[in-house]
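Hello,

Here is the structure I promised to pass on to you. Please open it alongside this note, and then read on for what was found in it.

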Amino acid sequence: MKTCLVTGGAGFIGSNFIRYTLKKHKDIQIINLDRLTYAGNLENLKEIENDLCYTFIRADICDREAVCRLFDAHDIDTVVHFAAESHVDRSISDPCEFIRTNVLGTAALLDAARRAWEKNGRYKPGKLFLHVSTDEVYGSLGETGYFTEETPLAPRSPYSASKAASDMMALAYFHTYGFPVLITRCSNNYGPYQFPEKLIPLMINNMLEGRPLPVYGDGKNIRDWLYVEDHCLAIDLAIQNGRIGQVYNIGGHNEKQNIEIVRLIIAALRDLLPSRDKRREHVDDSLIRFVEDRKGHDRRYAIDSSKTMRELGWVPETGFEEGIRYTIQWYLGNDEWLKHVTSGEYTSYYQKMYGKRGNAK
Ligand code: NAD
Ligand code: DAU
């Protein structure tokens, strides 16, 4: 039985990863450590909250004592480190919180794992720290080309700068201490349980509410979209087959301009909403508003995942047409979740579930 510490497991990708892993692996214990910021929502994990292989602990990754206590209390084999401040717009208005969690928090976690796993200068066998990073650390592309693992880091937003700093810290632990760490760098994810501040769920929610659809700048910035379960699959394979000290890029080869995405969602939503549904009447292009551009807005991301496909045997399984349709259907079928998230009601779920203890078991 392996014990896996997932940080940030109450967020979008972390909660998908926990569900995915518990379904796929029967010989695993998962500890989810999450501070429950605005982005952490335990309702994302309702389906598995009573699973005997799952434990939730509310803690801040920056709290060194709490993190060290956790490593003392459990024989953790794998760390999958998702916890982060993840939204670029928020990093532009409040960069310091991004430095705190993404840089100092990652450093605290790396150090707690190193101390727990090292004995006489060597590491106990079978230990792995997987640091979840992003393609944004490579900066912005022109009209052609792809990010490979060799592309020099050139982050341009406070978010991506903080992620790049945490990547460098992780690699420094490998080079300095021989610490068993590897890094995955993924492109834009979409799918169920994504907080409606990010492009796709924000557009779906605004369309359903009949609110304007804010498209930054000329709408021609390009992102490379990947269905969240394909990201989970790649991380799972990196845990099994990845080489320590290595970086693995993950992307769906699915470049789209933002305006294309918005128009695609309009068309899919019109198709999916029943003809008698009143909301169908206002879902059209007239909701689109071209608004002031994001400061320092990266123009294009595109990932070369050939190393990950070759070395880890990863092949994405969900095409964009299928993934986006399923995602819209998911939001339509989970209006309670969406209502709780947009009203802020989800934050009381923690009190209801766990009282003040902050520990499920
Ligand atoms: P998210 O914002 O949905 O979730 C982040 C989670 O981290 C939340 O549950 C939050 O409560 C928790 N958290 C934040 N600060 C914490 C702290 N100090 N201590 C403990 N927990 C804390 O993020 P996401 O979109 O699921 O992204 C997860 C990871 O994947 C991040 O590291 C992000 O950089 C990376 N990533 C995201 C994408 C994407 O498209 N969303 C793509 C590539 C990489
Ligand atoms: O590339 C991976 C990254 O993708 C992750 O590391 C980040 O955590 C994740 O948030 C995401 O960053 P982006 O900035 O690319 O995602 P976001 O959904 O915020 O924006 C996608 C694009 O859509 C971007 O070009 C900005 C634009 N946009 C976004 C919003 C929220 C709009 O035009 N209007 C909007 O309202």
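Predicted model: local features only at pLDDT ≥ 70, side-chain atom pairs only at ≥ 80, totals over all residues.

Residues are numbered from 1 along each chain as its sequence is written, chains are lettered from A and ligands numbered from 1 in the order in which they are written, and side-chain values use heavy atoms, with hydrogens and water left out. Helices (H or I, at least four residues) and strands (E, at least two) are DSSP runs, numbered from the N terminus. Axes are lines fitted to C-alpha atoms, for helices over the stretch in contact, and angles run from 0 to 180 degrees between N-to-C directions.

Back to the pair: Trp-330, Tyr-331, Leu-332 and Gly-333 of helix 10 are in contact (heavy atoms within 4.5 Å) with Asp-335, Trp-337 and Leu-338 of helix 11. By class, that makes five nonpolar residues, one polar and one charged.

**Helix 6 and its surroundings**

Helix 6 (residues 199–209) packs against helix 8 (residues 258–272) at about 45 degrees, the axes being 10 Å apart. That angle makes helix 6 oblique to helix 8. On the helix 6 side, Leu-199, Ile-200, Met-203, Ile-204, Met-207 and Leu-208 meet Asn-258, Ile-261, Val-262, Ile-265, Ile-266 and Leu-269 of helix 8. Eleven of these residues are nonpolar, one is polar and none is charged.

How many residues of helix 6 are buried? Eight of its eleven are (under 20% relative accessible area), so the helix is mostly covered. Among them are Pro-201, Asn-205 and Asn-206. The cover includes strand 9 (189–190), strand 10 (213–216), helix 8, helix 10 and helix 11. Just past the end of helix 6, Gly-210 has a positive phi of about 70 degrees.

**Cysteines**

There are zero disulfides here, a disulfide being a pair of cysteine sulfur atoms within 2.5 Å. For Cys-62, the nearest cysteine sulfur is that of Cys-96, 13 Å away. Cys-68 has its closest cysteine sulfur in Cys-62, at 13 Å, too far for a bond. Cys-62 is partly exposed, at 21% relative accessible area, and Cys-68 is also partly exposed, at 26%; the term covers values between 20% and 50% (1.4 Å probe, protein chains only).

Best wishes

Key
Parallel < 35°, antiparallel > 145°, perpendicular 65-115°, else oblique. Nonpolar A, V, L, I, M, F, W, Y, C, P; charged D, E, K, R; others polar.
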